2 protein chains.
Amino acid sequence: MTTQPTRTIVSRRARPAKDPLSRELIVATALELLQKEGSAGLSMRKIAKALDTGPSSLYVYVANMQELSSYVLDLGLAGIALPASDAGSWQTRLFDALSSYLLALYDAPGVAELALTTVSVGPHALAFTEYLLQCLHEGGVSSLSAAWGVDLLMLYATSVAFEQSSRDARGTTIQTHLAAMAALDPQQYPRIASSHADLISGSVDGMERFRWGLDVILQGIMKKEG
Amino acid sequence: MTTQPTRTIVSRRARPAKDPLSRELIVATALELLQKEGSAGLSMRKIAKALDTGPSSLYVYVANMQELSSYVLDLGLAGIALPASDAGSWQTRLFDALSSYLLALYDAPGVAELALTTVSVGPHALAFTEYLLQCLHEGGVSSLSAAWGVDLLMLYATSVAFEQSSRDARGTTIQTHLAAMAALDPQQYPRIASSHADLISGSVDGMERFRWGLDVILQGIMKKEG
DNA sequence: ACCTGAACACCGTTCAAGT
DNA sequence: ACCTGAACACCGTTCAAGT
């Protein structure tokens, strides 16, 4: 009648020694799914299945989907590389930090969408925000302008990443959009028509446009400060 | 055995002479639901129920949820008021048009979220884009810069509206966020701490911040053009 | 041509019950 | 304390069948 030692082993089935649940494990699994399947892969039920349990088990470690999303976003930002404080001018470091953020979002299609609709107060998001604020501070920007400016810079980088990732995910979203633009009556929408022509003819890549936007925002901030 | 004239009347139940389905009716009903219940109200099944039919009936007029969303977004932008071309300088008109856009998004909480993740090529979205491009054109901005600039301006206005509407919808999202910021260690995040202090102390309303962002973008564009 | 019922394959969240 | 089964109230989309 005593419990046999084999019993435990049998109950673990053919899995690689199932780890006990934890918030870290849940969040890491969620990010993996998000990277593999895009935003459609991020669901309580799919995470639970990947961890070989039921969805209700997750609620011990996570209050709801929104809270989980903010944790996943923060983990997705773990890959951001922040330049050392002596790695060039504050402008250069600001640009490099934002480029690294962009890369981190490119890496995981769904994360960009998450970043657009979720705020994280996790360690990686905070460190990134602190870094950008510090750069602007070094540039002599007041702390109120810096706060608003960092918001604007991050929003811009996030949306560039989202646009790119939604192009990849939904196939030819941008293609369809451009086709619709091309089909418009140039009499009715003359400015759209000519802008569209320029967008087509211009041989500009994504990075050039990204740099343009950051420049615009930065120059605008400095102008208002000076 | 002949069909009785009353039969038709009975089948219409206590409804006000049920309109035949059409894309316009579907989209209008969808927008109503979105305005009443927020983004949670926008679902095929809820729209169908509101129209007293089954969800499959909608697919005759609309390919899928994404297409429907883009139509709903465009209808949501119908309320934008574009200033007459003699209503002040191009900067003033640009600002007024964007303010009107902001108001239209405030009006319907869910529409802002839609605008953040959906592109519309409907008449209202096109007219708005054309108007903004025209303003920048009058300001002497090149058509490539104008195209990118309009994107940036609209993105900014949309995100301001989204931030506001998510505050309303999810109750105290921003409150929670600010509380988390206040609880941070000022040693570890000195710039976040001082920015946060300024954000609290400064008596700035939403409109002031909105204007600041538009100014930054516009000044930045002009600087790069000049 | 238009509409419907019924089904398929999903969701987030709760809660009583088990260990 | 942690985990689970089962249920509740939802999703988008398809498709054979009816009118």
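Over all chains, the count comes to 10 salt bridges by the rule applied here. The structure is a predicted model, and every value below is computed from it. One of the salt bridges links the side chains of A:Arg209 and B:Asp151, with a distance of 2.7 Å from N to O. Because A:Arg209 belongs to helix 11 (residues 206-225) of chain A and B:Asp151 to helix 8 of chain B, this pair joins two chains.

How many salt bridges does the rule find across the interface of chain B and chain A? It finds four. A salt bridge is also formed by the side chains of B:Lys224 and A:Asp215, at 2.8 Å from N to O.

Helix 6 (109-117), helix 7 (123-138), helix 8 (143-169), helix 9 (173-182), helix 10 (190-201) and helix 11 (206-225) of chain B each supply at least two residues of the side that touches chain A. Helix 8 of chain B gives the most to that side, with 13 residues. Sorted by class, the side of chain B that touches chain A has 26 nonpolar, 15 polar and 10 charged residues.

The extent of the interface can be described next. The size of an interface is often expressed as the accessible area that is lost when the parts come together. Here chain B and chain A bury about 5000 Å² between them, and 70% of this lies on carbon and sulfur atoms. Within chain B, the residues that lose the most area to chain A are B:Trp148, B:Arg191 and B:Trp212, which together account for 17% of what that side buries. The contact draws 51 residues from chain B and 51 residues from chain A.

Between the chains, the axes of helix 10 (residues 190-201) of chain A and helix 7 of chain B cross at roughly 75° and come within 8 Å. Helix 10 of chain A is therefore roughly perpendicular to helix 7 of chain B. In this contact, A:Pro190, A:Arg191, A:Ile192 and A:Ser195 of helix 10 of chain A meet residues of helix 7 of chain B, including B:Leu126, B:Glu130 and B:His137.

A second pair lies within chain B. Helix 5 (residues 90-107) and helix 6 of chain B pack at an angle of about 120°, with their axes 4 Å apart. These two helices of chain B are therefore oblique to each other. Helix 5 of chain B contributes B:Tyr101, B:Leu105, B:Tyr106 and B:Asp107, and helix 6 of chain B contributes B:Pro109, B:Val111, B:Ala112 and B:Ala115. By class, this contact has seven nonpolar, no polar and one charged residues.

Note on methods:
Residues numbered from 1 in each chain as written. Chains lettered and ligands numbered in written order. Predicted model: local features only at pLDDT ≥ 70, side-chain atom pairs only at ≥ 80, totals over all residues. Heavy atoms only, no water. Contact = heavy atoms within 4.5 Å. Buried area = accessible area lost by both parts, 1.4 Å probe. Nonpolar A, V, L, I, M, F, W, Y, C, P; charged D, E, K, R; others polar. Axes fitted to C-alpha atoms, helices over the stretch in contact; angles between N-to-C directions. Parallel < 35°, antiparallel > 145°, perpendicular 65-115°, else oblique.
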